[in-house]
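Biologist: I have a new structure open and would like to learn how to read some of its features. Could we go through them together?

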Amino acid sequence: MATLTPEKQNAYWRKTSRLMWTILFLWFVFSFGIHFFAPALNKIVIAGFPLGFYMAAQGSLIAFVVLCFWNSSAQNKIDEEFGVAEE
Amino acid sequence: MATGKTSASFINSLGKIYGGYAGGFVGFTILLAILEQVGLPQRVIGYAFVVLTIGVYAYIGILSRTMELSEYYVAGRVVPPFYNGMATGADWMSAASFISMAGGLYLGGYNALGYVLGWTGGYVLVAILLAPYLRKFGQYTVPDFLGVRYEGNVARFCGVVVLFCASFTYIVAQTFGIGIVTSRFLGIGFEVAIFVGLAGILVCSMLGGMRAVTWTQVAQYIVLIIAYLVPVIWLSTTKYGLPIPELTYGQALQEIAKLEQTLGIVKPHTSAFTDARGQFSWVEFNNFWALVLCLMVGTASLPHILMRYFTTPNVRDARKSVGWSIFFIFLLYFTAPAYAAFAKLEVYQDVIGKDISALPAWVQNWSQVGGLLSIKDANGDGKLQLAEFIINQDIIVLSMPEIAGLPYVISGLVAAGGLAAALSTADGLLLAIANALSHDVYYKMIDPKASTARRLIVARVLLVGVAIVAAAVAGTRPSGIIQMVAWAFSLAAAGLFAPLVMGIWWKRTTATGAILGMISGFGICLFYLIMTRYYPATFKEWFGVDLWFGIRNISSALFGLPLAFGVTWIVSLMTAPPSKEMQDFVDSVRIPSGQVAWGEKAHE
C-alpha cells in the first residue's frame with residue numbers, strides 16, 4: 001500500500017473517476033450518438049463522402065485514438081499531482 | 001536472448017532490429033516483383049511469401065525459447081509500450097479484420113461499418129476501465145484476477161470456462177482463415193492446408209510462450225500492415241493520382257453511386273440502416289447498435305487482449321500502450337472502407353457485364369477454393385450479370401489485387417499479410433487458453449506444488465492439444481469467419497466484462513454476486529446463441545418468435561450484459577460486504593505506485 005491517507009485516496013479516486021466518466025461520455029457520443037443521425041448526415045457530401053458514412057468509417061475512429069492518448073496523459077497528470085506516479 | 005531471459009540490450013536495439021527486418025521484407029517483395037517481370041512463375045511467388053514469412057516467425061519463436069515462468073507467461077514484463085502496441089495490433093487484427101472485414105463492407109455497405117466501429121472503440125473501454133488496473137494487479141492471467149478478487153477457485157473456474165468458450169470459438173475462425181490462405185497459395189487441399197497452418201502457429205508459440213508470441217507478433221504486424229496498405233495505395237495512386245486512399249475513395253463512392261443506378265441496385269452502398277430493398281429498416285437499425293456495443297465490450301473482455309497489458313514494465317506504460325495499440329489498429333481499420341470501395345468499383349466496372357468466356361484467370365483460381373466464388377450464366381446470354389456473380393466476403397481482400405489486375409506479387413504480399421494476421425491472433429488465443437488451463441486449472445486448482453519445469457511442460461502439452469482440436473473443428477467449416485469471431489466477442493462480453501469492471505470500480509461487489517452474475521450473463525448469451533443457431537424451430541416453439549427483438553445471434557451479449565450487471569449488483573447488495581482486506585486490495589490496485597495489498601484471503 002502506498003503512503004496515501006484514506007482522504008487522499010478518496011480524492012485521487014474521485015478525480016480518476018471524473019476523468020473516466022468524461023471519456024466514457026465522449027466514447028458514447030462517438031460510438032452511438034452521432035451515428036443515430038447517419039441518414040440525415042448522409043445528405044451532406046464532402047469530397048465525395050456522405051458525412052454519415054464518413055463518420056462511421058473514419059471520423060469516430062480518429063476520435064477513439066485521440067481519446068486513448070488523452071486519457072493516458074491526463075491520468076499521468078493526476079498521478080503526479082497525488083505523488084502516486086511510478087518512479 | 002538464448003539464455004531464456006530478455007536482456008536490456010535487446011530491448012534497446014529493438015528499433016534497429018525491426019527497422020532492418022521491415023526493410024528486408026520490403027526488399028524481398030521488390031526482388032520478387034522484379035523476378036516476376038522476367039518470368040518467375042506465380043506458383044513460386046506464392047510459395048516464397050508463405051514459406052519465407054512462416055520461416056521468419058519460426059526463427060523468432062525458436063530464438064525466444066525460455067524456461068522462465070515470467071518470460072513464458074508475461075514476456076518478462078519488459079515490453080515497451082510502442083512495441084506492445086504493435087504486438088497487440090497483430091494479436092487483435094485477425095483473419096476477420098484482414099481477410100473478411102473489407103469483404104463484409106463490400107457486401108453490406110454502411111450497415112457493415114458496425115464492425116469497423118465495434119472493433120476500434122472498445123480500446124477506449126480497455127484504457128479507462130481495465131488495462132492499468134489489471135497491470136497493477138500484476139499476475140499472469142485474467143482468471144487470476146477473478147480468483148483473487150472473488151476469493152477462490154469458483155470464480156476462477158467460471159472465468160476459465162468463459163475464456164475457453166470465447167477463445168476457442170475465435171481460434172477456430174482463425175484456423176479456418178489460415179486454411180483458406182494456405183490452400184489457395186500453396187495449391188493444396190483445404191483440410192491439409194489447415195494442418196500446415198497449424199504447424200506455423202505452434203512453432204511460434206510453443207517454445208517461448210508469451211515472450212516468443214510478443215516478438216513474432218511485432219514482426220507479423222509489420223508484414224500485415226504493409227500488405228494491407230500497399231494494394232489500396234497503389235489503386236488510389238493509379239486511379240486518382242494521390243497515394244492517400246482514405247481521402248480519394250470518396251470519388252470511388254461517387255462512381256459506385258452512379259453505377260448502382262445504371263445496374264439497378266436498390267440498396268446504395270452508403271445508405272444507413274437500410275434493408276435489401278433500400279428502405280429504412282428498424283431491424284437493421286437495432287442490430288447495428290447491438291453489434292457495435294457487443295464488439296466494443298467484447299474487446300474489453302477478451303483475455304488474449306487484456307493479457308497483453310500484463311507485459312508492460314509498469315502501469316503508466318500499460319496506459320500508453322493502449323494508445324499505441326489503437327493507433328496501429330486504426331491504420332488498418334480506417335483504410336478498410338477504401339479497400340471495399342475500390343474492390344466494388346472494380347467489380348462493377350470490369351467484371352459485371354463482361355463475356356463469361358473471357359473472364360480472367362483469377363476467377364478460375366478462386367473458384368477452386370471451397371466454393372467461395374461462383375459464376376453461373378443463369379440466363380444463358382454469355383454475359384455476366386450482377387446476380388450471377390456470387391463472391392464470398394472471405395475472399396474479397398485476397399482476390400482484389402487479381403481482380404484489379406495488379407502484378408501477382410501483390411497477391412502474394414496480401415496472402416502473407418492475411419496469414420500473418422491469422423497466425424498472430426491464433427497464437428495469442430492459443431496462449432490465452434493454454435495459460436488458463438495450465439496456470440489456473442492445473443497449478444492453482446489441481447497441483448499447487450508443481451515445479452516450474454513441470455508447469456511449463458504441462459503448458460506446452462496443453463498448447464499442442466488445444467491447437468489440434470481447433471484445427472479439427474475448423475476442418476468441418478462450421479460457419480463464416482466473421483460470424484464465428486463475433487460470437488466469440490459476445491461470449492466474452494457477457495461472461496467477463498461485468499465481473500472485471502465491477503471488481504475494480506465498485507468495492508461492494510461480492511464474490512457470490514460476481515459468480516452468479518457471470519453464470520447468468522454468460523448462460524443467457526450461450527443459450528440464445530445455440531438455440532437460434534442450431535435449434536431455431538424449438539426456439540420459435542418456446543418463444544413464438546424467431547429472434548428476440550430481431551437481434552441476430554452475433555450480438556447475443558446484448559441480453560447477457562445487462563443480466564450480468566444486474567444480477568451482480570442485486571446479489572452483491574443482498575450478501576455481506578467484502579472484508580476490509582479485500583477493500584484494501586481494491587484500493588491498492590487502483591493507484592499505480594506501491595505494492596498490491598494481498599489480504600489474507602486474497603493470498604493463496
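Biologist: In which loop of chain B is B:Ala75 found?

Modeller: Please keep in mind that this is a predicted model. B:Ala75 is found in the loop between helix H4 (69-74) and helix H5 (81-92) of chain B, and its phi is positive, about 55°, although B:Ala75 is not a glycine.

Biologist: Is B:Ala75 buried or exposed, and why?

Modeller: One counts C-beta neighbours, and a residue with 20 or more of them within 10 Å is taken as buried. B:Ala75 has 26 C-beta neighbours inside 10 Å, and therefore it counts as buried.

Biologist: Where is the place of B:Phe273?

Modeller: B:Phe273 lies in the loop between helix H12 (245-263) and helix H13 (282-299) of chain B. B:Phe273 is not a glycine, yet it has a positive phi of about 55°, and it counts as buried because it has 22 C-beta neighbours inside 10 Å.

Biologist: How should I read a pair of packed helices?

Modeller: Two packed helices are described by the angle between their axes and by the distance between those axes. In this structure, H1(A) and H3(A) pack at an angle of about 175°, and their axes are 10 Å apart. An angle over 145 degrees counts as roughly antiparallel, and H1(A) and H3(A) are therefore roughly antiparallel to each other.

Biologist: Which residues in H1(A) and H3(A) meet?

Modeller: From H1(A) they include A:Leu19, A:Ile23, A:Trp27 and A:Phe30, while those in H3(A) include A:Phe64, A:Leu67, A:Asn71 and A:Ile78. By class, this contact has ten nonpolar, five polar and one charged residues.

Biologist: How many residues of chain A are in contact with chain B?

Modeller: There are 39 residues of chain A in contact with 47 residues of chain B. The largest share of the side of chain A that touches chain B comes from H3(A), with 17 residues, and by class that side has 26 nonpolar, eleven polar and two charged residues.

Biologist: Which residues touch the most other members of the largest nonpolar core?

Modeller: That core has 230 residues, and B:Leu224 and B:Leu430 touch the most other members. Helix H19 (residues 408-446) of chain B gives the most to this core, namely 21 residues. Leaving aside neighbours within four places in sequence, the contacts of B:Leu224 include B:Met93, B:Phe98 and B:Ala420. A second, separate core of five residues includes A:Leu4, A:Tyr12, A:Val84 and B:Ile591.

Note on methods:
Residues are numbered from 1 along each chain as its sequence is written. Chains are lettered from A and ligands numbered from 1 in the order in which they are written. This is a predicted model: local features need pLDDT of at least 70, side-chain atom pairs count only at pLDDT 80 or more; totals for chains, interfaces and linings use all residues. Two residues are in contact if their C-beta atoms, placed from the backbone, lie within 7 Å. Helices (H or I, at least four residues) and strands (E, at least two) are DSSP runs, numbered from the N terminus. Ala, Val, Leu, Ile, Met, Phe, Trp, Tyr, Cys and Pro count as nonpolar, Asp, Glu, Lys and Arg as charged, and the others, Gly among them, as polar. A nonpolar core is a set of buried Ala, Val, Leu, Ile, Met, Phe, Trp, Tyr and Cys residues joined through C-beta atoms within 7 Å. A residue is buried if 20 or more other C-beta atoms lie within 10 Å of its own, exposed if 12 or fewer, and partly exposed in between; C-beta atoms are placed from the backbone. Axes are lines fitted to C-alpha atoms, for helices over the stretch in contact, and angles run from 0 to 180 degrees between N-to-C directions. Angles under 35 degrees count as roughly parallel, over 145 as roughly antiparallel, 65 to 115 as roughly perpendicular and the rest as oblique.
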